[in-house]
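I am starting a notebook on a structure that is new to me. Come along while I look up a few spots.

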Amino acid sequence: MWSQSYDRELTTNNIFDIQEEIARQVLQELKVRLLPEEQAQLQAAPTQDIEAYQTYLKANQLVVNRNYDEIVAAIELYKEALRMDPGFASAHGRLAIAYNLQRVYGNIPFEETQALMKRQIDQALGMDPNLAEGYAALGLYQLDDGKFKSAIEALERSVALNPNLTDVYNWLGLMYNFERLNEPRKQILFYKTAYEIDPLNPFTIVNRAWASAIEGNYEEAEYYHQKNLRINPNFLNTYYNHAMFKVSPPFGRLDTALQYVDMALAINPTFLLSLQGGTLFSATLEDDRLAGFYYQELQQKFKESNRYREAVALYNNYIGDFTDYERDVLEFYEQSGAQPLVAVEFTGLYLYGLATGNIARVLPFYREFDPELFEATLSMPSKASIDKAYQLAVLLSRSGDTAQAEVLTRAVCRFAEASPQWLIGGAEDVQYALYQSQCAQLQGDYIRLEQLLRQRFEHQGDLFYVSPELLVLERYFPQAYTPAIQGLHEQVRAELGRQRENVRTYLKTNNRWNPAWDATE
């Protein structure tokens, strides 16, 4: 629509002036009128120090791949940029974000990260109250502090100030996933928006794949995963996300998922997500060798990480010993004041209560997350609280509070009946069958429970979730572990055995098998 040549001399003193001049000329030719706040944004240069700006841009690029070593290098570059220009507000904001990513992908204590982030956020927003990066960092800080509403408000403020920050759309999508606020349509919208803005960014591509998967368009999801593997082969999150894609319904392929876990570890043996995924997938496969290997690596290298704390209970439940969970997770919650944030963390509390009988120790976490679940007038739990409502009904029943357990049972069953109206797949959605099976178990309808578990396993490919549920029934609910359910469990274990052999064959073929594992058989 318009072009013009600029042949002026470019110096460190005039680069931002030229940038603003070109932007204004383009806006004038396109007849675009800016609002007052947009005028101010156009005039505001992030820094007058070109070396600080170049250092800042290098740091921004380093965090893209979410590689831990590169995140650490980016932190040092942000610090260097701030040494050059202490008033560089955007660098303060990005440094706070990098501290958060360092903890997410590393082994940094929670309290240390929050303190470092808070200092940088205060400086960033103190220098520029309308800084998009500052609000992005604030949203992540508040999310980790368990303040979901405030976190969403901060992240939405960030994208309003700068609609091109694709990471923020990705984080908003994460906030609206099934484990947080249970709004899959909003999650899909944010992931698609990020991809439209930056279709070459490895994180927007992997989340665009998830948007397709949530919609049930699995062929399209596979396309985006393969695109990312092709153009960003060293972006390790693609391998992990593809593993999660393959392990989920309708595939249920734990063996394929473990292959992708191993591909990532072949590139980086200390990739946190793959060590966590390897622990969960191999424990579900009931493979003592692999599960023990991944778990020990995860525990030794990432004991301070959320990913380790998420995996401990499921692994400890598999081996029947909750010593690590009590020491590394419960004591962490109680001493740090941190809150469980995702569904798997509450599942850990639930399993610990079932295994140890120490239900009184875990109930306060449920009460703090959603006190409405303890109200006698509860009609239906929220979409964010449905799994907690089911778990709490079981725990309260075992603790002797049968009245509130009955209130929750009715609420869970009402939710199950109403859920098709908001589930993407309606009554055919695997989540609907899951909610129905929770209701059936609470009502003691074990014939219906077996039918639903069989449907999820045989027709919906829900092996990853059905197998642990059957193990829980076997260990903690003898009255529900009927002969029919035992028969189903035998079928499930036969499939697990076939997939275990596939994993062994893959690892041996690719020289990734440890001969010492043979001695443990």
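Predicted model: local features only at pLDDT ≥ 70, side-chain atom pairs only at ≥ 80, totals over all residues.

**Entry 1: a tyrosine in a helix**

I began with Tyr-78, which I found in helix 4 (residues 68-84); helices here are DSSP runs of H or I with at least four residues, numbered from the N terminus. Residues are numbered from 1 along each chain as its sequence is written, and side-chain values use heavy atoms, with hydrogens and water left out.

Is Tyr-78 buried or exposed? Tyr-78 has a relative accessible area of 1%, so I logged it as buried (buried is under 20% relative accessible area, exposed over 50%, partly exposed in between, with a 1.4 Å probe and protein chains only). Setting aside residues up to four places away in sequence, I listed what Tyr-78 touches: Tyr-56, Ala-59, Asn-60, Ala-91, Arg-94, Leu-95 and Ala-98. Contact here means heavy atoms within 4.5 Å. Arg-94 is 16 residues from Tyr-78 along the chain, and their C-alpha atoms are separated by 7.5 Å.

**Entry 2: two loops**

Next I looked up Gln-460, in the loop between helix 24 (446-458) and helix 25 (463-476). Its relative accessibility is 11%, so Gln-460 counts as buried. Beyond its neighbours within four places in sequence, Gln-460 is in contact with residues including Pro-249, Pro-250, Glu-428 and Asp-429.

Gly-320 is in the loop between helix 17 (306-319) and helix 18 (323-336). With 52% relative accessibility, Gly-320 counts as exposed.

**Entry 3: a pair of helices**

How do helix 11 and helix 12 pack? I found an angle of about 165 degrees between helix 11 (residues 202-214) and helix 12 (residues 218-231), with axes 7 Å apart. The axes are lines fitted to C-alpha atoms over the stretch in contact, and angles run from 0 to 180 degrees between N-to-C directions. The two helices are therefore roughly antiparallel, the word for angles over 145 degrees. Among the residues making the contact are Pro-202, Ile-205 and Val-206 of helix 11 and Tyr-218, Glu-220 and Ala-221 of helix 12.

**Entry 4: the core**

Last, I looked at the largest nonpolar core, which has 160 residues. Such a core is a set of buried Ala, Val, Leu, Ile, Met, Phe, Trp, Tyr and Cys residues joined through side-chain atoms within 4.5 Å. Tyr-325 is one of the residues that touch the most other members. Apart from neighbours within four places in sequence, Tyr-325 is in contact with residues including Val-312, Leu-330 and Leu-349.

Technical notes
Parallel < 35°, antiparallel > 145°, perpendicular 65-115°, else oblique.
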